[in-house]
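Subject: Structure handover

Hello,

Here is the structure, ready for you to open. My notes follow below it.

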Amino acid sequence: MLGAKQEKQTLSHDIAIVGGGLVGASLGCALAPLIERYGWRVAIIEAAALPENSQETPWQPSFDARASAIAEGSAQRFRQLGVWEAMQQEGAPIERIHISERGRLGAARLSAKELGVAALGHVIPNAWMGRVLHQQLQRLPIEWYCPAKVDQLTPQAYGHHLVLSDGSELTAALTILADGGRSGLRAAGYQ
């Protein structure tokens with residue numbers, strides 16, 4: 001019918017991840033077996049635009065020049081996700097740790113060799129970690145909404161209704177806030 005107002009389509013997802021930084025990207029990768037096994041629909045809502053070339057870094061604020069020290073347990077999880085081989089190419093093992101407080105007595109020293117392990121943890125540049133995670137995400141049937149922010153998050157009987165800054169609307173059975181410590185949604189009282 002001409003002149004009739006078209007209704008916006010609301011897309012339904014099982015999980016909506018707000019934030020595509022290191023935490024959101026890691027979670028997206030961790031959901032791969034569930035996406036495969038159960039056909040879950042997963043959306044990632046990211047404020048920064050995706051780069052046209054996956055070699056561009058940093059494009060997302062958490063993919064900056066800093067590096068993160070990750071425990072060996074986290075490295076094991078990244079192995080399970082299938083990203084560790086690529087991730088460790090730019091990483092360095094933590095072989096010794098010295099813990100002390102200036103002006104205080106006592107100190108603790110840990111050594112991977114003395115403990116009989118290859119490493120106590122690893123140091124990985126954030127930009128590299130983000131690149132590896134996003135390359136893995138590109139292999140998954142995840143729906144990206146970016147650049148977009150969540151303008152409105154409304155609880156409903158079976159999840160949430162999300163209105164995005166790009167005009168998209170979606171529902172999700174579970175919404176996970178992974179948009180950082182300065183999250184506008186968290187400041188608005190969503191936890």
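Is Arg41 buried, partly exposed or exposed? Arg41 counts as partly exposed, at 33% relative accessibility. The scale runs as follows: buried is under 20% relative accessible area, exposed is over 50%, and partly exposed lies in between (1.4 Å probe, protein chains only).

Before the rest, the ground rules. This is a predicted model, in which local features need pLDDT of at least 70 and side-chain atom pairs count only at pLDDT 80 or more, while totals for chains, interfaces and linings use all residues. Residues are numbered from 1 along each chain as its sequence is written, and side-chain values use heavy atoms, with hydrogens and water left out.

Salt bridges

Searching the whole structure gives 4 salt bridges. The term means a side-chain nitrogen of Lys or Arg within 4 Å of a carboxyl oxygen of Asp or Glu.

Arg41 is in one of them: its side chain meets that of Glu143, at 2.5 Å from N to O. Arg41 sits in the loop between α2 (32-38) and β2 (42-45), and Glu143 sits in strand β8 (residues 143-145), so this pair ties together parts that are 102 residues apart in sequence. Helices (H or I, at least four residues) and strands (E, at least two) are DSSP runs, numbered from the N terminus. Glu143 is partly exposed too, with 24% relative accessibility.

Asp64 and Arg66 form another, with 2.7 Å between the closest N and O atoms. Asp64 is partly exposed at 22%. Arg66 is exposed at 53%.

Arg104 and Glu101 also make a salt bridge, at 3.7 Å from N to O. Arg104 is exposed, with a relative accessible area of 58%.

Sheet and hairpin

An open sheet is formed by 3 strands, in the order β3-β7-β4, with antiparallel pairing. Two strands pair if DSSP finds at least two bridges between them. At the edges are β3 (67-71) and β4 (92-94), each pairing on one side only. On average, neighbouring strands of this sheet are turned by 30° against each other, direction ignored.

Strand β7 (residues 121-125) pairs with β4 over 3 bridges, in the antiparallel sense. Ile94 has Gly121 of β7 as its bridge partner.

Two helices lie across β3 and β7. Helix α3 (residues 72-81) runs at about 90° to β3. Helix α6 (residues 126-137) runs at about 85° to β7. Axes are lines fitted to C-alpha atoms, for helices over the stretch in contact, and angles run from 0 to 180 degrees between N-to-C directions. Contact means heavy atoms within 4.5 Å.

Strands β5 (residues 96-100) and β6 (residues 107-111) run antiparallel, joined by 5 bridges. His98 stands opposite Arg109 of β6. The hairpin of β5 and β6 has 6 residues between the strands, and Gly103 there takes a positive phi near 85°.

Helix packing

Helix α1 (residues 22-30) packs with α6 at an angle of about 35°, their axes 9 Å apart. The crossing is left-handed, meaning that the near helix is turned anticlockwise from the far one by less than a right angle; clockwise would be right-handed. Residues in the contact include Leu22, Ala25 and Cys29 of α1, and Met129, Leu133 and Leu137 of α6. By class, this contact has 6 nonpolar, 6 polar and no charged residues. Nonpolar covers Ala, Val, Leu, Ile, Met, Phe, Trp, Tyr, Cys and Pro; charged covers Asp, Glu, Lys and Arg; the others, Gly among them, are polar.

Best wishes
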